[in-house]
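Welcome, and please take a moment to look over the model before reading on.

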Amino acid sequence: MGEEERLPVHGDEARELQPPLPGSEMRRILYRPVRWLKMLARELHWSFVFGVVIVYGVSQGLGGALVGVGTQFYMKDVQKVQPSEAQVYAGITSLPWLVKPLWGILTDVFPISGYQRRPYFVLAGSLGIVSMLFLSLHPGLHIVLALLSLTAASASVAISDVTVDACVAQKSGIHHSLAADMQSLCSLSSSFGALVGFSLSGLFVHLIGPQGVYGLLTIPAGLVFVVGILLKEQRVSSFADEQISQKLANVGKAVWNTLKCPEVWRPCLYMYLSFSLGLNVSEGMFYWVTDSPAGPSFSKEIFGYIMAIGSMGSLLGAILYQYGLKDYPFRDLLFWAQILSCLSGMLDLALVLRWNLKLSVPDFVFMVIDASVGQMIKRFKWMPLLVLSSKLCPPGIEGTFFALLMSIDNAGLLTSSWLGGILLHVLNVTRTEFDNMWLAILIRNMLRIIPLFLLFLVPRADPSSSILPDDVVNMKEAVEGREESENVELVALVDRTVGGR
């Protein structure tokens with residue numbers, strides 16, 4: 001009987017000693033992501049996984065890439081606006097991202113027909129479909145109506161972003177062991193979607209034009225609408241008006257008490273100033289690389305390919321932070337990130353002054369290096385700020401306060417965009433005049449030095465240390481009556497599309 005029990009073991013050992021066939025090993029590696037997705041679908045429900053992939057991968061990743069490139073060519077070729085105007089308009093269309101806490105509070109405190117998440121996905125999808133169709137079907141649209149439609153489309157993405165983040169936060173509270181897997185799903189979906197979107201953006205703009213691209217973008221919006229129909233969600237009882245008022249009052253009081261702490265408002269001030277002082281003159285560079293006689297005159301397809309390769313730099317920056325830099329103190333990381341940002345900005349200057357040609361470096365190769373390095377450093381700076389923001393959120397109002405911090409960052413980016421537009425206007429950088437483009441880039445690079453002198457606002461702590469004072473940490477009682485499942489929003493720490501905004 002003992003021999004019979006040992007024989008299978010010996011057989012197994014013999015099979016283990018045999019090297020796996022190359023084909024079977026390759027199939028096993030390729031099938032691993034499929035098994036991982038099946039596991040998530042089994043544990044979290046397939047509709048949740050579907051919703052994350054659609055919102056992060058299709059709507060924000062692929063759709064964000066298509067609308068970004070399409071809008072640049074739409075403003076230049078259809079609306080025929082100046083670079084400075086396009087820079088300001090880009091800031092206007094990002095306004096819905098400044099009120100992310102509002103969307104979060106709505107999806108948590110104001111259920112519709114007994115559901116907290118599904119109706120807001122339906123609302124976001126419907127808003128996106130209508131706005132994209134309106135843009136695609138009106139060739140002579142006035143600039144004001146075009147901006148309203150683009151802002152509505154931005155609001156559509158912002159609402160779905162906040163709603164899916166609320167779903168992720170809720171699932172993370174229930175399935176603690178799968179929290180990291182959910183964040184990985186969000187990040188990978190967004191990165192892969194952006195890579196595909198940028199790869200196709202230039203080709204689509206060339207074949208069907210910017211307005212044709214807007215027509216295609218009704219598909220991602222329609223899929224977000226489908227998420228609202230298919231998502232599995234338990235019905236909740238509607239809150240009484242008194243309950244809603246009390247919840248809002250408690251949250252508002254807790255947020256204000258937290259913001260008054262020096263440990264909180266000082267890094268918030270740094271985040272706003274560091275973003276706003278890095279003037280955004282990207283629209284001027286876009287016009288220069290596509291229209292300037294002295295520039296490379298890239299076609300739509302080539303420009304899309306450059307943006308696609310640049311998005312890989314962003315993914316590389318996230319990987320470098322995750323596996324080599326995440327344990328370093330915030331102040332040290334931000335110091336080096338700002339230094340690298342100043343240095344990388346000189347690549348734009350070298351391109352505009354045509355130094356790359358003097359070094360026999362082709363425009364396409366140099367632009368690819370510029371885009372990849374720039375995106376990697378942006379991600380390298382963004383990641384510690386996201387982690388720092390999460391450390392500033394007190395218990396009980398984590399979601400609301402995190403959304404508020406993201407709005408502060410977005411306000412800095414908006415200021416940067418508008419100040420960049422003013423700079424381009426003052427220097428007379430137009431559709432046909434680019435003589436002072438190099439000066440705009442030089443001023444931008446010089447302003448990037450200023451945040452180095454503001455690093456004293458950032459705590460010396462590392463990500464494993466506590467930053468908030470004890471009285472703020474023990475403030476959870478100020479938000480009594482709030483159920484554990486009611487988190488307003490928790491933004492994914494590894495992706496977010498500088499774009500977010």
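**A walk along the helices**

Val109 has its place in helix H5 (residues 100–109); helices here are DSSP runs of H or I with at least four residues, numbered from the N terminus. At 10% relative accessibility, Val109 counts as buried, where buried means under 20% relative accessible area, exposed over 50%, and partly exposed in between (1.4 Å probe, protein chains only). Before going further, please keep in mind that this is a predicted model: local features need pLDDT of at least 70, side-chain atom pairs count only at pLDDT 80 or more, and totals for chains, interfaces and linings use all residues. Residues are numbered from 1 along each chain as its sequence is written, and side-chain values use heavy atoms, with hydrogens and water left out.

Lys247 belongs to helix H10 (residues 241–259). With a relative accessible area of 13%, Lys247 is buried.

The expected span of a helix is 1.5 Å times one less than its number of residues. The 20 residues of H6 should therefore span 28 Å, and the end C-alpha atoms are 29 Å apart, which agrees. Which residues of H6 are buried? They are Pro119, Tyr120, Phe121, Ala124, Gly125, Gly128, Ser131, Met132, Leu135 and Ser136.

The axes of helix H4 (residues 83–93) and helix H12 (residues 282–291) come within 8 Å and cross at roughly 135°. Axes are lines fitted to C-alpha atoms, for helices over the stretch in contact, and angles run from 0 to 180 degrees between N-to-C directions. That makes H4 oblique to H12, since angles under 35 degrees count as roughly parallel, over 145 as roughly antiparallel, 65 to 115 as roughly perpendicular and the rest as oblique. In this contact (heavy atoms within 4.5 Å), Pro83, Ala86 and Gln87 of H4 meet Ser282, Glu283, Gly284 and Tyr287 of H12. By class, the contact of H4 with H12 has 3 nonpolar, 3 polar and 1 charged residues. Here Ala, Val, Leu, Ile, Met, Phe, Trp, Tyr, Cys and Pro count as nonpolar, Asp, Glu, Lys and Arg as charged, and the others, Gly among them, as polar.

Another pair is helix H11 (residues 262–276) and helix H16 (residues 363–391), whose axes come within 11 Å and cross at roughly 155°. H11 and H16 are therefore roughly antiparallel to each other. On the H11 side, Pro267, Tyr270, Met271, Ser274 and Phe275 meet Lys381, Trp382, Leu385, Leu388 and Ser389 in H16. This contact of H11 with H16 divides into 7 nonpolar, 2 polar and 1 charged residues.

Between the helices are loops worth a visit. Ser297 sits in the loop between H12 and H13, and its phi is near 50°, a positive value in a residue other than glycine. Most residues other than glycine have a negative phi. Is Ser297 buried or partly exposed? At 42% relative accessibility, Ser297 counts as partly exposed. Arg354, in the loop between H14 and helix H15 (355–358), also has a positive phi, near 65°. Arg354 is buried, with a relative accessible area of 15%.

Our last stop is helix H14 (residues 330–352), which packs with H18 at an angle of about 175°, the axes being 9 Å apart. That makes H14 roughly antiparallel to H18. The residues of this contact divide into 8 nonpolar, 2 polar and 2 charged. One of the residues of H18 that meet H14 is Arg444. Arg444 lies in helix H18 (residues 437–447) and, at 6% relative accessibility, counts as buried. Leaving out residues up to four places away in sequence, Arg444 touches Leu279, Val281, Gly345 and Asp348.

How values were computed: Helix = DSSP H or I, 4+ residues; strand = E, 2+ residues; numbered from the N terminus.
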